[in-house]
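Dear colleague,

I am handing over a structure that will be new to you, and I would be glad if you could look through it alongside the notes that come after it.

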Amino acid sequence: MNKKVIFEDWGLVDYQAAWDRQETLFAGVVGQKTENRINGTAHPTPNYLIFTEHPHVYTLGKSGKAENLLLNDRELEQKQATYYKINRGGDITYHGPGQIVGYPILDLDNFFTDIHRYLRTLEEAVIRTLAGYGIPGERYPGYTGVWLDADNERARKICALGVRASRWVTMHGFAFNVNTDLAYFNHIVPCGIDDKDVTSLARELGRHVDIDEVKDRLRAQIADLFGMEWEANATT
């Protein structure tokens with residue numbers, strides 16, 4: 001039986017505002033689980049999949065190193081970019097317009113309680129989406145995310161992952177470069193990896209890509225792999 005999930009596309013949203021909204025949804029799911037445990041009830045927990053884009057921003061995960069940001073405060077301002085230290089796993093990454101940022105806020109007790117499998121499933125959704133454009137996405141042993149030419153010196157990342165989970169409820173997620181301005185990656189050591197390139201769907205295809213089309217395809221792949229059914233009142 002498919003699990004019901006509310007899908008929302010927030011459009012272009014300031015990173016802090018989106019983080020606050022995530023935290024509110026996350027707290028609601030965790031709160032329902034806590035209430036069920038304390039009261040011995042079995043009220044269903046909600047699940048969400050959020051797509052959004054952010055203005056230029058760099059985020060540093062709790063296992064990251066601040067020196068992997070190569071800009072000072074003045075240079076950040078010149079680039080019209082912001083910087084946040086956040087509570088996901090992973091190192092530093094960039095978010096900006098033209099990039100699909102996905103925030104699954106899922107109670108994995110409704111799906112499967114395995115974080116490794118969870119990450120691999122998100123990667124698989126991106127890999128299948130890329131395949132629809134004739135691009136062979138791959139996993140890179142020892143790294144998260146989705147890569148192209150992962151087995152040689154041309155290895156380049158097209159999708160980064162960084163998640164947080166508490167009581168099997170997830171937040172944060174993935175960043176899939178579609179029409180992303182890749183120049184912004186020159187100002188960081190992406191994900192702490194200093195000898196690999198970053199790419200986008202537009203760069204690989206040599207043309208601007210309809211991001212709404214990519215969102216639709218990606219959302220369908222995620223639903224198929226996780227066994228999701230969209231809520232009737234979802235914002236689509």
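Predicted model: local features only at pLDDT ≥ 70, side-chain atom pairs only at ≥ 80, totals over all residues.

Residues are numbered from 1 along each chain as its sequence is written, and side-chain values use heavy atoms, with hydrogens and water left out.

A search of the whole structure gives 14 aromatic pairs (rings of Phe, Tyr and Trp, the last by its six-membered ring, with centres within 6.5 Å; stacked if the planes are under 30 degrees apart, edge-to-face if over 60, tilted otherwise). One of them is the tilted pair of Tyr58 and Tyr94, with 5.6 Å from centre to centre and 50 degrees between the planes. This pair links distant parts of the chain, since Tyr58 is in strand 3 (residues 57–60) and Tyr94 in strand 5 (residues 92–95), 36 residues apart (strands are DSSP runs of E with at least two residues, helices runs of H or I with at least four, both numbered from the N terminus). Tyr58 has 0% relative accessibility and therefore counts as buried (under 20% relative accessible area, with exposed over 50% and partly exposed in between, for a 1.4 Å probe and protein chains only).

Phe112 and Phe226 have ring centres 5.8 Å apart and planes at 15 degrees, so this pair is stacked. Both residues, Phe112 and Phe226, are buried.

Finally, ring pairs join Phe7, Phe51, Phe174 and Trp230 into a cluster.

With kind regards
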